Amino acid sequence: MSATTIESSRAAERPDTIGVVLVDDHAIVRQGLRSVLEREADLSVVGEAATPAQAVAVVAAARPDVVLLDLRLSPSSDNEGIELCTRLHQAHPELALLVLTTVIDDQLVLEAIHQGARGYVVKEVDTSELVRAIRAVHRGDSAFDSRSAAAMVRGINAETAAENRRLTDREQDVLRLLARGMSNRDIGRQLFISDTTAKFHVSNIMRKLQVSRRAEAVYVASKDGLI
């Protein structure tokens with residue numbers, strides 16, 4: 001499973017090509033990708049790695065244009081690939097990182113992009129789509145297949161919904177008193193604010209939690225761990 005390959009001499013012979021490093025813990029996958037990519041005149045595989053540590057070393061030595069990496073670099077973790085994205089992006093901000101994986105998860109797609117990946121495609125894509133994705137991220141564009149694009153949109157929507165539901169410190173105070181069954185007047189007296197201001201905060205809480213009754217607000221907040 002262990003593999004480190006650097007082919008900087010090939011890159012030097014073909015200076016106009018896009019240099020690609022392959023990061024995958026399965027040798028047969030790397031061999032298949034190499035066979036596919038090197039049919040293209042403008043692509044050259046300049047290195048391979050099976051582990052994050054090997055990938056860091058190979059990228060530093062080969063200086064590729066694009067890194068094609070799997071997120072699951074061991075059977076027990078999906079996080080290694082995300083952590084590798086972070087390390088490579090921090091060390092080489094100009095490097096185009098393209099995730100090629102079997103793992104499709106809304107938050108994982110979004111996290112990969114947050115950590116520096118320019119694109120995300122699943123291994124089921126056909127070879128022509130993969131080649132287009134490599135060329136796209138090399139140009140500085142983004143690249144997603146239909147499944148990962150849909151996952152990213154869902155992840156963004158979930159993030160937006162979570163952000164919209166976030167309560168201010170004052171609203172948290174009001175919510176805790178609301179959970180004790182207090183009226184707007186009692187909440188106002190407890191927090192030294194007017195009845196109108198207390199009512200305003202309660203209305204905001206219900207709007208953010210997408211409920212229409214005070215009891216529902218307490219129930220949803222309790223279920224979501226807000227109180």
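Two strands count as paired if DSSP finds at least two bridges between them. Strands (E, at least two residues) and helices (H or I, at least four) are DSSP runs, numbered from the N terminus. This is a predicted model, so local features need pLDDT of at least 70 and side-chain atom pairs count only at pLDDT 80 or more, while totals for chains, interfaces and linings use all residues. Residues are numbered from 1 along each chain as its sequence is written, and side-chain values use heavy atoms, with hydrogens and water left out.

**View 1. Strand β4 and its two partners.**
Start with β4 (66-69), which pairs with β2 (residues 18-23) in the parallel sense over 4 bridges. Look for Val 23: its bridge partner in β4 is Leu 69. Strand β5 (96-101) also runs parallel to β4, and 4 bridges join the two. Here Val 66 stands opposite Ala 96 of β5.

**View 2. The nonpolar cores.**
A nonpolar core is a set of buried Ala, Val, Leu, Ile, Met, Phe, Trp, Tyr and Cys residues joined through side-chain atoms within 4.5 Å. The largest one here has 28 residues, and those with the most contacts inside it include Val 21, Val 23, Val 67, Leu 69 and Tyr 120. Apart from it lies another core, of 23 residues, with Val 45, Leu 130, Ala 133 and Ala 136 among them. Zoom in on Val 23 and skip its neighbours within four places in sequence: it is in contact (heavy atoms within 4.5 Å) with residues including Ala 49, Ala 55, Leu 73 and Leu 84. Asp 70 is also one of the contacts of Val 23.

Asp 70 lies in the loop between β4 and α4. An unreviewed UniProt entry places the feature "modified residue: 4-aspartylphosphate" at Asp 70; such positions are given in the numbering used here, feature names are shortened, and annotations may be inferred rather than shown by experiment. Is Asp 70 buried or exposed? Asp 70 counts as buried because its relative accessible area is 4%. Not counting residues up to four places away in sequence, Asp 70 touches Val 23, Asp 24, Gly 81, Leu 100, Thr 101, Thr 102 and Lys 123. The side chain of Asp 70 also reaches the backbone nitrogen of Arg 72 at 3.3 Å.

Helix α3 (52-62) has Pro 52, Gln 54, Ala 55, Val 58, Val 59 and Ala 62 as its buried residues. Seen down the axis, these fall within an arc of 150° (taken from the directions from the helix axis to the C-beta atoms), so they line one face of α3. Next comes Arg 63, in the loop between α3 and β4. Arg 63 is not a glycine, yet its phi is positive, at about 50°. Now find His 92, in the loop between α4 (79-91) and β5. His 92 counts as buried because its relative accessibility is 10%. His 92 and Arg 63 are 29 residues apart in sequence and 9.1 Å apart in space, C-alpha to C-alpha. Leaving aside neighbours within four places in sequence, His 92 is in contact with Val 59, Ala 60 and Arg 63.

**View 3. Helix α9 and what follows.**
The buried residues of α9 (residues 184-191) are Asn 184, Ile 187, Gly 188 and Leu 191. They cover an arc of only 100° around the axis, so they are on the same side of α9. These residues pack against α8 (169-179), α10 (195-209) and α11 (214-223). The side chain of Asn 184 makes a polar contact with the side chain of Arg 214 (2.8 Å). A polar contact is a pair of N or O atoms within 3.5 Å; within protein, one must be able to donate a hydrogen and the other to accept it, and residues adjacent in sequence count only if both atoms are side-chain atoms. After α9 comes Phe 192, with a positive phi near 60°. Phe 192 counts as exposed because its relative accessibility is 78%.

Definitions and conventions
Buried means under 20% relative accessible area, exposed over 50%, partly exposed in between (1.4 Å probe, protein chains only).
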